[in-house]
Amino acid sequence: MKCPFCQHEDTQVLDTRVSEEGDSIRRRRRCGKCDKRFTTYERIELVMPYVVKKNGSRTEYAAAKLRGSLELALRKRPVAAPAVDAAIASIEEKLLTSGQREVETGYIGELVMQELQRLDNVAYIRFASVYKNFEDLAEFQNAIAEVGKPARK
């Protein structure tokens, strides 16, 4: 770590403490050259992958868009807010742990559909009808039949 006063690269850590929230580490340091003391903080930097849209353009991941899509599908459905938060956290964790720098919107859509199917079948059908661009009654019937099948073990 460079000294902010003299730019010397040799600094010594005098004290290390975890923050009260537990999300950062505070280090008290001393410069080996000018003997001045300073504090540094270490925090985890989570970088979400970029989203590749159907037209090929790339955009930053937007948590608000994901929440909006889920809330729209779940509108007037008996699903508690903590369950929605848990679904969003699950989707974001899968995006982070995928290790990919870019993900296609289709991948995110599939993750959303998995979570909605777990939360509420009506919301799942609502989302699927828009996501898969249903054009006739037969597509709705197929989706409803799929939801009605017993889960495989």
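Modeller: The discussion covers a helix pair and then a pocket. The model is predicted, with local features needing pLDDT of at least 70, side-chain atom pairs pLDDT 80 or more, and totals for chains, interfaces and linings using all residues. Residues are numbered from 1 along each chain, and side-chain values use heavy atoms, without hydrogens or water.

Biologist: At what angle do the axes of H2 and H3 cross?

Modeller: Axes are lines fitted to C-alpha atoms over the stretch in contact, with angles from 0 to 180 degrees between N-to-C directions; helices are DSSP runs (H or I, at least four residues) numbered from the N terminus. Here H2 (residues 81–97) and H3 (residues 105–119) cross at roughly 145 degrees, their axes coming within 10 Å.

Biologist: Which residues of H2 and H3 meet?

Modeller: Contact means heavy atoms within 4.5 Å. Among them are Ala 83, Ala 87 and Ile 91 in H2, and Ile 108, Leu 111 and Leu 119 in H3.

Biologist: Which residues lie nearest the centre of the largest pocket?

Modeller: On a 1 Å grid over the protein atoms alone, a pocket is an open set of points where a 1.4 Å probe fits, with protein on both sides within 12 Å along at least five of seven lines; lining residues have an atom within 4 Å of a point. Lys 65, Ser 69, Thr 105, Ile 108 and Phe 127 lie nearest the centre, among 21 lining residues. Helices H1 (63–73), H3 and H4 (121–131) each give two or more residues to that lining, which has 11 nonpolar, 5 polar and 5 charged residues (Ala, Val, Leu, Ile, Met, Phe, Trp, Tyr, Cys and Pro count as nonpolar, Asp, Glu, Lys and Arg as charged, the others as polar).
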